[in-house]
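The following note sets out points for a colleague who is reviewing the model. Please read each point alongside the coordinates.

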Amino acid sequence: MSHIRIHLADSDHFSRAGIAGVLAEANDMVIEHVSDCMSEAVQAAIDLKPDIVILESSLNGTDLLSSIREITEKTPTTKIVVLATRYRRDEISQAYDAGTSGLISKSSISSELPSALRMLTAGYQLFAQPEDGWEPTARIVRRSTQQTAVRKLSERDRSLARLVAAGLTNSQIARIAHISEGSVKLHLARIMEELDVTNRVQLAVIATESGLVSSADLQIA
């Protein structure tokens, strides 16, 4: 019977012992390598290419996200799981973007870890609920629709949206765009209607999330 080959990287001795004890009871898994720092964990993963690497989020050494990207690049078949005590929605998103297949709460290790690792090996992705909760699905769908609408705007409209997101007033935008302040109001009202938003703050948020605004734009004001 083939075993799921696992690398465990955790800086806490008692945590490592607890995880090892849980996985020792699973007859289809074997811990192939244990490390207590990020650099060793990354190198071992690249050299041995295990099925799964478990990375404790507060490991000493290289930045967690950079380490995830390096492992993903060098050994793309290896699944990466992050263990964390506390985590927010944005941290899960960043870990996912870096290449993580799962984020598991350390509090659920004893009851859920073996089953979670089996699911990851089968191709699933698992992310525990963050402390600030998941964003409602309806809001995600609406934002995606709005961002698609932003990409369909004309270049002039996109420029006006950028200036709003940069915090400029209508009179400042009028001077930069070489149009009247009244024209700015009309253009922005039409843009907000197309994006289904009702005020400048919402327009600025959508423009920022869609990648229209750069650090240079934010320095205009």
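1. Contact here means heavy atoms within 4.5 Å. Leaving aside neighbours within four places in sequence, Val 197 is in contact with Gln 146, Met 192, Gln 202, Leu 203 and Ile 206.

2. On provenance, this is a predicted model in which local features need pLDDT of at least 70 and side-chain atom pairs count only at pLDDT 80 or more, while totals for chains, interfaces and linings use all residues. Residues are numbered from 1 along each chain as its sequence is written, and side-chain values use heavy atoms, with hydrogens and water left out.

3. The chain contains 11 helices and 6 strands; these are DSSP runs numbered from the N terminus, with helices (H or I) of at least four residues and strands (E) of at least two. Of its 221 residues, 41% count as buried, where buried means under 20% relative accessible area, exposed over 50% and partly exposed in between, with a 1.4 Å probe and protein chains only. Among contacts between residues at least 6 apart in sequence, 67% join residues at least 24 apart.

4. Which residues touch the most other members of the largest nonpolar core? They are Ile 173, Leu 188, Ile 191, Leu 195, Val 197 and Leu 203, in a core of 22 residues. Two or more residues of this core come from each of α7 (155-165), α8 (170-177), α9 (181-195) and α10 (200-209). A second, separate core has 20 residues, including Leu 59, Ile 80, Ile 92 and Ala 98. A nonpolar core is a set of buried Ala, Val, Leu, Ile, Met, Phe, Trp, Tyr and Cys residues joined through side-chain atoms within 4.5 Å.

5. The axes of helix α2 (residues 38-48) and helix α3 (residues 64-74) come within 9 Å and cross at roughly 10 degrees. The two helices are therefore roughly parallel, a term for angles under 35 degrees. Axes are lines fitted to C-alpha atoms, for helices over the stretch in contact, and angles run from 0 to 180 degrees between N-to-C directions. Met 38, Val 42, Ala 45 and Ile 46 of α2 meet Leu 64, Ser 67, Glu 70, Ile 71 and Lys 74 of α3. By class, this contact has 6 nonpolar, 1 polar and 2 charged residues.

6. Helix α2 has as its buried residues Met 38, Ala 41, Val 42, Ala 44, Ala 45 and Ile 46. These pack against β1 (4-9), β2 (29-35), β3 (52-56) and α3. Lys 49, which follows α2, has a positive phi near 50 degrees.

7. The axes of α3 and helix α4 (residues 89-98) come within 8 Å and cross at roughly 25 degrees, which makes α3 roughly parallel to α4. The contact is formed by Leu 65, Ile 68, Arg 69 and Thr 72 of α3 with Gln 94, Ala 95 and Ala 98 of α4. Its residues comprise 4 nonpolar, 2 polar and 1 charged.

8. Most residues other than glycine have a negative phi. His 178, in the loop between α8 and α9, has a positive phi near 60 degrees; at 72% relative accessibility, His 178 counts as exposed. Asp 196, in the loop between α9 and α10, has a positive phi of about 60 degrees, and its 48% relative accessibility makes Asp 196 partly exposed.

Key
Parallel < 35°, antiparallel > 145°, perpendicular 65-115°, else oblique. Nonpolar A, V, L, I, M, F, W, Y, C, P; charged D, E, K, R; others polar.
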